[in-house]
Amino acid sequence: MLMYRPKKKVLQDLHINNGGGLISSWVDSMRACSPTHLKSLMKQSSWLTEHPSALDMFEDILHVSEGKQIVMFMDYDGTLSPIVDDPDRAFMSKKMRRTVRKLANCFPTAIVSGRCREKVYNFVKLTELYYAGSHGMDIKGPEQGSKYKEGSESVLCQPATEFLPMIDEVYKKLVEKTKFTPGANVENNKFCVSVHFRRVDEHNWSDLAHQVRAVMKDYPKLRLTQGRKVLEIRPIIKWDKGKALEFLLESLGYANCTDVFPLYIGDDRTDEDAFKILRERRQGLGILVSKFPKETNASYSLQEPAEVIDFLQRLVEWKQLRSGA
Ligand SMILES: O=P(O)(O)OC[C@H]1O[C@H](O[C@H]2O[C@H](CO)[C@@H](O)[C@H](O)[C@H]2O)[C@H](O)[C@@H](O)[C@@H]1O
């Protein structure tokens with residue numbers, strides 16, 4: 001039987017205006033999330049006891065979802081595609097695309113990403129999915145080919161449109177400010193901006209963080225969160241991947257249903273907002289994609305995108321068997 005254990009909130013926003021001491025804490029926090037550090041922090045075996053493999057526990061997961069409508073939510077980078085140095089080359093495999101297409105034929109399926117919606121769509125290229133880009137601040141329903149399409153409108157939700165000019169301005173300032181830091185990359189994700197540290201020498205991480213802070217201090221309506229070797233700048237509004245999940249459940253007509261079972265698969269700190277919502281709602285479950293122990297609100301784990309394919313494939317086979325397809 002699966003148990004929900006309340007978890008303390010350990011994953012918080014990074015404050016911008018509280019002085020230089022915080023720069024070192026961002027950088028420390030980013031280092032602390034690197035695999036080598038994580039390895040030494042928690043024992044793999046005890047972590048796996050708390051967050052067992054979703055593949056090993058597949059039958060149990062089916063058991064608790066029995067009689068309920070499964071709704072699939074998946075993050076993109078690190079979940080459907082492997083993490084690579086160049087964000088523009090984070091392609092998903094053909095096998096993954098085939099599997100996600102079959103999955104969307106079996107269950108309502110959404111991709112919830114920090115990337116802007118157009119970019120994530122260009123990687124995934126499946127019209128039958130819901131896409132929530134910019135950490136859920138830009139949600140659109142399936143173009144065509146979905147059995148689960150609601151109504152006729154296509155753009156469902158953009159709660160941060162008033163911030164577009166500000167985000168664009170900050171993007172340009174960050175590009176200018178960071179242009180002499182080798183390896184730094186600023187990505188415009190429409191309703192948010194990512195500053196990538198992955199290709200920056202670790203010795204220069206502090207400098208880069210200072211540059212980010214120097215720009216951000218003039219924008220109290222923006223906040224910073226942290227991902228995998230990336231700082232994410234986004235509007236201060238109370239909207240995140242967890243809210244996007246709730247919005248999509250509502251749009252699909254499952255707002256107050258007890259017979260719905262949302263499954264969220266993600267690898268990053270920003271996915272924790274969705275894992276947390278599922279715990280709070282005592283509904284469905286979260287699966288963290290990670291090879292290393294990490295503090296998380298997810299219940300289960302998968303090691304890498306290859307295991308995500310296996311898990312999705314098993315869900316598809318189970319569903320097809322049940323419906324006699
Ligand atoms: O919510 P996600 O779909 O996981 O998007 C989060 C960020 O993902 C991308 O950055 C991450 O993946 C890159 C490619 O593998 C990697 O180079 C980078 O270090 C990772 O942080 C994306 O580029 C960001 O814009 C997203 O916010």
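1. The centres of domain 1 and domain 2, taken over C-alpha atoms, are 25 Å apart. The domain assignment gives domain 1 as 21-41 + 161-235 and domain 2 as 44-159 + 239-322; such bounds come from an automatic or database domain assignment. This is a predicted model, in which local features need pLDDT of at least 70, side-chain atom pairs count only at pLDDT 80 or more, and totals for chains, interfaces and linings use all residues. Residues are numbered from 1 along each chain as its sequence is written.

2. On the chain as a whole: the secondary structure comes to 11 helices and 12 strands. Helices (H or I, at least four residues) and strands (E, at least two) are DSSP runs, numbered from the N terminus. Of the 325 residues in the chain, 45% are buried. A residue is buried if 20 or more other C-beta atoms lie within 10 Å of its own, exposed if 12 or fewer, and partly exposed in between, with C-beta atoms placed from the backbone. Among contacts in the chain with a separation of 6 or more, 62% are between residues 24 or more positions apart. Two residues are in contact if their C-beta atoms, placed from the backbone, lie within 7 Å.

3. On the domain interface: 21 residues of domain 1 are in contact with 20 residues of domain 2. On the side of domain 1 that touches domain 2, α2 (35-41), β6, β7, β8 and β9 each supply at least two residues. Helix α2 gives the most to that side, with 4 residues. By class, the side of domain 1 that touches domain 2 has 5 nonpolar, 8 polar and 8 charged residues. Here Ala, Val, Leu, Ile, Met, Phe, Trp, Tyr, Cys and Pro count as nonpolar, Asp, Glu, Lys and Arg as charged, and the others, Gly among them, as polar.

4. On the ligand: 24 residues surround the ligand, and the closest are Tyr76, Asp77, Pro87, Ser113 and Gly114. The elements that give two or more residues to this shell are β7 (193-196) and β9 (230-235). A residue is near a molecule if its C-beta atom, placed from the backbone, lies within 6 Å of it. The shell has 6 nonpolar, 8 polar and 10 charged residues. Domain 1 and domain 2 both give residues to the shell, so the ligand lies between them.

5. On the pair α5 and α11: the axes of helix α5 (residues 94-106) and helix α11 (residues 305-322) come within 9 Å and cross at roughly 35°. Axes are lines fitted to C-alpha atoms, for helices over the stretch in contact, and angles run from 0 to 180 degrees between N-to-C directions. The crossing of α5 and α11 is left-handed. A crossing is left-handed if the near helix is turned anticlockwise from the far one by less than a right angle, and right-handed if clockwise. Residues of α5 in this contact include Met96, Val100 and Leu103, and those of α11 include Ile309, Leu312 and Val316. The contact of α5 with α11 has 9 nonpolar, 2 polar and 3 charged residues.

6. On the pair α7 and α8: helix α7 (residues 164-177) and helix α8 (residues 205-216) have axes that come within 10 Å and cross at roughly 145°. This crossing of α7 and α8 is right-handed. Val170, Lys173, Leu174 and Lys177 of α7 meet Gln211, Val212, Ala214 and Val215 of α8. The residues of this contact divide into 5 nonpolar, 1 polar and 2 charged.

7. On backbone angles: most residues other than glycine have a negative phi. Lys190, which is not a glycine, has a positive phi of about 70°. Lys190 lies in the loop between β6 (185-188) and β7, and counts as buried because 21 C-beta neighbours are inside 10 Å. Lys229, also not a glycine, has a positive phi of about 55°. Lys229 is in the loop between β8 (222-227) and β9, and is partly exposed, with 19 other C-beta atoms within 10 Å.

8. On two arginines: Arg115 is in the loop between β2 (109-112) and α6 (117-124). With 26 C-beta neighbours inside 10 Å, Arg115 counts as buried. Leaving aside neighbours within four places in sequence, Arg115 is in contact with Tyr76, Val120, Gly133 and Asn189. Arg279 is found in helix α10 (residues 272-281) and is partly exposed, with 19 other C-beta atoms within 10 Å.
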